[in-house]
Amino acid sequence: MKTIKRIGFLSALILPILLVLGHYIGGIGIWMIHIFVFVAVPLMDYAISTDQSNVPKEAISQIAKQRFYKLVTFSWVYVQMAVLLWGFYVVATETLLLTEWVALCTGMALVTGGIGITVAHELGHKKEKVDQFYAKVLLMTVCYMHFIIEHNRGHHVKVATPEDPATSRFGENFYAFWARSVWNGYQSAWVLEKSRLDRKSITFWSLKNEMIQFTLAPLIFVSLFFVGFSIALDRWVWEVPLFFFTQSFLAFSLLEAVNYLEHYGMERKQLPNGLYERVTPLHSWNASHRVSNFLLFQLQRHSDHHAFAHKPYQVLNHYDESPQLPAGYSAMIIVAFFPPLWFAIMNPRLQNWKQKTFETSVQ
């Protein structure tokens, strides 16, 4: 793979740098990370050509095994943890204005949710124990550990069907989707975990129940730092849990915004036997925008991910036949927050793509 692509996958490190640097610059600097994500990245996506190239088949095995790409994702775990602990220190030791609180919480969510959950998603699909562990650590920092159960065992099975909480429906606005996906996804994770325990004849009320582990882990994590800072500063440092849970809420809401984009209006046909047709590249929205794909470890090549869930991010393929978003995720997330604008852009695009696909299939 070209050196420029290898370097491109390090671009996620720009976000924590901008967050920390912006805080100490102050003034408009506290919004540096937001400006980069929601202004600079969309502009670069627009200005720079899209990337529709794929790794040659004969090179896939070699590139998939290169340790550099694994090292990038593993390193992120330590970067994110360090930046989050820095955030604890800032809110515990500094007197922040309301605007500084807002900037810090939302900026941290771009780090932990925008990049952190993306990395957790990548690692959570791998079979190695260390990958699974790192994925859970990242999800713990945003109070969304059940995602590793619901996404792997639920979403990938039910995607583009009415049974999938994480598939947004045609005409459904982001806010209605958020409520349905968050609540139903959480419930689904409990049901899936109970089924796993039943198959192994393990009692539900056991520490082997991962959903119990996932509920306790973030609480224990933040409690340790709450108590530690409280003892060190000789006062109840309520700012630490407030900051932790606020950035967690914003981070997993960012994940749900991405979920909203990825499968909006996609439907798999139900077969006469009651099952659904297999998942194909036609059931995910994709974006071939170069800059945002670097930033998100090619998450925007979502069709190939659903076809081959264990495939490493560096060798995911572009598909011409997949429905294409008009812009990268950074821009489309903002659009999704304004339902009339989203529907005006996406509904005609969805209908035109479905019509074109239907006409192609009957030829």
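Predicted model: local features only at pLDDT ≥ 70, side-chain atom pairs only at ≥ 80, totals over all residues.

Visitor: How is the span of helix H8 read?

Guide: Helices are DSSP runs (H or I, at least four residues), numbered from the N terminus. The expected span is 1.5 Å times one less than the number of residues. H8, residues 147–158, has 12 residues; a straight helix would reach 16 Å, but the end C-alpha atoms are only 14 Å apart. After H8 comes Ala-160, with a positive phi near 65°.

Visitor: Where is the kink in helix H3?

Guide: A bend at a residue is the angle between axes fitted to the seven residues ending there and the seven starting there. In H3 (residues 32–47) a kink of about 35° lies at Ala-40, shortly before Pro-42. Buried means under 20% relative accessible area, with a 1.4 Å probe and protein chains only; Pro-42 is among the buried residues of H3, as are Val-41 and Asp-45.

Visitor: Is Val-159 buried or exposed?

Guide: Val-159 counts as buried because its relative accessibility is 0%. This residue sits in the loop between H8 and H9. Contact means heavy atoms within 4.5 Å. Beyond neighbours within four places in sequence, Val-159 contacts residues including Asp-164, His-263 and Val-279. Val-279 is 120 residues from Val-159 in sequence, yet their C-alpha atoms are 7.8 Å apart.

Technical notes: Residues numbered from 1 in each chain as written. Heavy atoms only, no water. Helix = DSSP H or I, 4+ residues; strand = E, 2+ residues; numbered from the N terminus. Buried < 20%, exposed > 50% of the residue type's maximum accessible area, 1.4 Å probe, protein only.
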